[in-house]
Structure formats: C-alpha cells, structure tokens
Amino acid sequence: MEKTMPIDGRFELMALPYAAEALEPVISANTLAFHHGKHLAAYVNNLNAALPGSGLEGLPLEDVVLKAEGGMLNNAGQILNHNLYFGQFRAPKADNVPTGVLAEAIDKDFGSFEAFKEAFAKAGATLFGSGWAWLSADGDGKLVIAQEPNAANPIQRGLHPLMTMDVWEHAYYLDYQNRRPDHLAALWQIIDWDIVAVRYQG
C-alpha cells in the first residue's frame, strides 16, 4: 500500500477521483457532499490540529495510525479508512465482478465470488454500532474478511487492506435511512475491482 505523506506537515483532504454524481443511484451526490466534504474534511482538520507537538509530525498517515492513541488515532484511522473507501469506486456497472488473479484468490479462499459476497455482507450487516467491513490479505496473501469497530484499520493487525464498506450511519442514512443491508447490497455495483486488484498485487 502506497503511503500517504503530509505536505508541509499537514494532511490534505483527498480529491474524489470521480464526479459527485458518478456513483448515483448507489451513493447520491448529496451523501458524498456530506460524507466526503464534511465528515472526512473534519477528520483531516482535527488530525492536523493535533499533530504539532505530538512527536508524529512528518510521518506517513499509516505510521500515525500505528503509533497514535486516543483522539489522534481516531482521526488518523478515519482518514485512512475513508481514503481507501472513496478511492475504490467507479460508476455503477451491471454484473460487476473481479477478474484475473484477484478472482482466483477469492475463489480459492472463499469457494466462489457469491460465497464471498454473502460472507462480506454478513460482516457488514452484523457489525454492532459504527465501523467497517474489510477484505484484507495476510502476509501469505490469503484473503480474510474482518469487522473493524469505529476507526480501526486492518493494518493494526498486520493485514493489508484491499476493500472496505463503511457502516457508519453517515455513509448511507441520507439514501437508505436505517436499511444498512440494502446499502451494502447496492455497493457491489460500484466497486472498482481493478483498484482492488492493484492493492492486492501491490
């Protein structure tokens, strides 16, 4: 995973690699405006305000996540999580499935793509409270699904994060209200499997 470096000692709000309306109807431009433009921006501002005097100035974001504690860790973790989340999408596509080496790994470790989707959706739907469902790879390249509460990230457990679904309510409430499973089911249409494959092979 390429590390995220601060610029002049500050982290920047990531630019979305697509237009605000590009993910509709799965994720609305209105949700993106709040989720990216308000929530993620607040995490960035909070982390930048906390860095001076912390001893973590100038470190890559990933290292801050591994070394920080308390509020600083929460904000750094949420930035890393959201950067991976917003960076993995593309316009909706019917029959959106992985191919190549990634598809082979999914079949090997979960039995089939459909079995993987079912297990992943269950992880996202059953996570109590706020947090994230992740597809990651361990040190041997084996794929694993994990639930991470609040701002936690798989790198804290020595895993390599590949894909995530955000189950904080701010990620879906404007579009889906309390229907978290419907939101998770819709997200499969917009996963950019080419990006996930690059992360897996990187």
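This is a predicted model: local features need pLDDT of at least 70, side-chain atom pairs count only at pLDDT 80 or more; totals for chains, interfaces and linings use all residues.

Guide: Let's begin with a helix pair: helix H1 (residues 29-50) packs with helix H3 (residues 70-86) at an angle of about 140 degrees, and their axes lie 9 Å apart. That angle makes H1 oblique to H3, since the label "roughly antiparallel" is kept for angles over 145 degrees. As for handedness, the crossing in which H1 passes H3 is left-handed.

Who does the touching? On the H1 side you'll find Leu32, His35, His36, Leu40, Ala42, Tyr43, Val44, Asn46, Leu47 and Ala50. They meet Met72, Asn75, Ala76, Gln78, Ile79, His82, Asn83, Tyr85 and Phe86 in H3. Sort this contact by class and you get 12 nonpolar residues, seven polar ones and no charged ones.

Ala15 belongs to the segment before H1, and Ala15 is exposed, with a relative accessible area of 63%.

Now for the sheet. It is an open one of three strands, in the order E2-E1-E3, and the pairing is antiparallel. E2 and E3 are the edge strands, each pairing on one side only. On average, neighbouring strands here are turned by 25 degrees against each other, if you ignore direction. Helix H8 (residues 193-201) packs on this sheet and touches E1, E2 and E3, and the direction of H8 makes about 145 degrees with that of E3.

Let's zoom in on E1, which covers residues 131-137. E1 is mostly covered, with seven of its seven residues buried. Both faces are covered, too: Gly131, Ala133, Leu135 and Ala137 are buried on one side, and Trp132, Trp134 and Ser136 are buried on the other. E3 is likewise mostly covered, and seven of its seven residues are buried.

How does E1 connect to its two partners? With strand E2 (residues 143-149), E1 pairs in the antiparallel sense over seven bridges. With strand E3 (residues 160-166), E1 pairs in the antiparallel sense over six bridges. Ser136 is a handy landmark for both pairings: Ser136 stands opposite Val144 in E2, and Ser136 also stands opposite Pro161 in E3. The hairpin of E1 and E2 has five residues between the strands, and there Gly141 takes a positive phi near 85 degrees.

H8 and helix H4 (residues 100-110) cross at roughly 80 degrees, and their axes come within 8 Å. That makes H4 roughly perpendicular to H8, because angles from 65 to 115 degrees get that label. In the contact itself, Val101, Leu102 and Ala105 in H4 meet Trp193, Val196, Ala197, Tyr200 and Gln201 in H8. The class count for H4 with H8 is seven nonpolar residues, one polar and no charged.

Asp8 is one of them, with a positive phi of about 55 degrees. Asp8 sits in the segment before H1, and at 77% relative accessibility Asp8 counts as exposed, because the cut-off for that word is over 50%. Asn150 has a positive phi of about 55 degrees as well, and Asn150 isn't a glycine either. You'll find Asn150 in the loop between E2 and E3. At a relative accessible area of 43%, Asn150 is partly exposed.

One last thing to click on: the peptide bond from Glu24 to Pro25 is cis, with omega near 5 degrees.

Definitions and conventions: Residues are numbered from 1 along each chain as its sequence is written. Side-chain values use heavy atoms; hydrogens and water are left out. Axes are lines fitted to C-alpha atoms, for helices over the stretch in contact, and angles run from 0 to 180 degrees between N-to-C directions. Helices (H or I, at least four residues) and strands (E, at least two) are DSSP runs, numbered from the N terminus. Angles under 35 degrees count as roughly parallel, over 145 as roughly antiparallel, 65 to 115 as roughly perpendicular and the rest as oblique. A crossing is left-handed if the near helix is turned anticlockwise from the far one by less than a right angle, and right-handed if clockwise. Contact means heavy atoms within 4.5 Å. Ala, Val, Leu, Ile, Met, Phe, Trp, Tyr, Cys and Pro count as nonpolar, Asp, Glu, Lys and Arg as charged, and the others, Gly among them, as polar. Buried means under 20% relative accessible area, exposed over 50%, partly exposed in between (1.4 Å probe, protein chains only). Two strands pair if DSSP finds at least two bridges between them.
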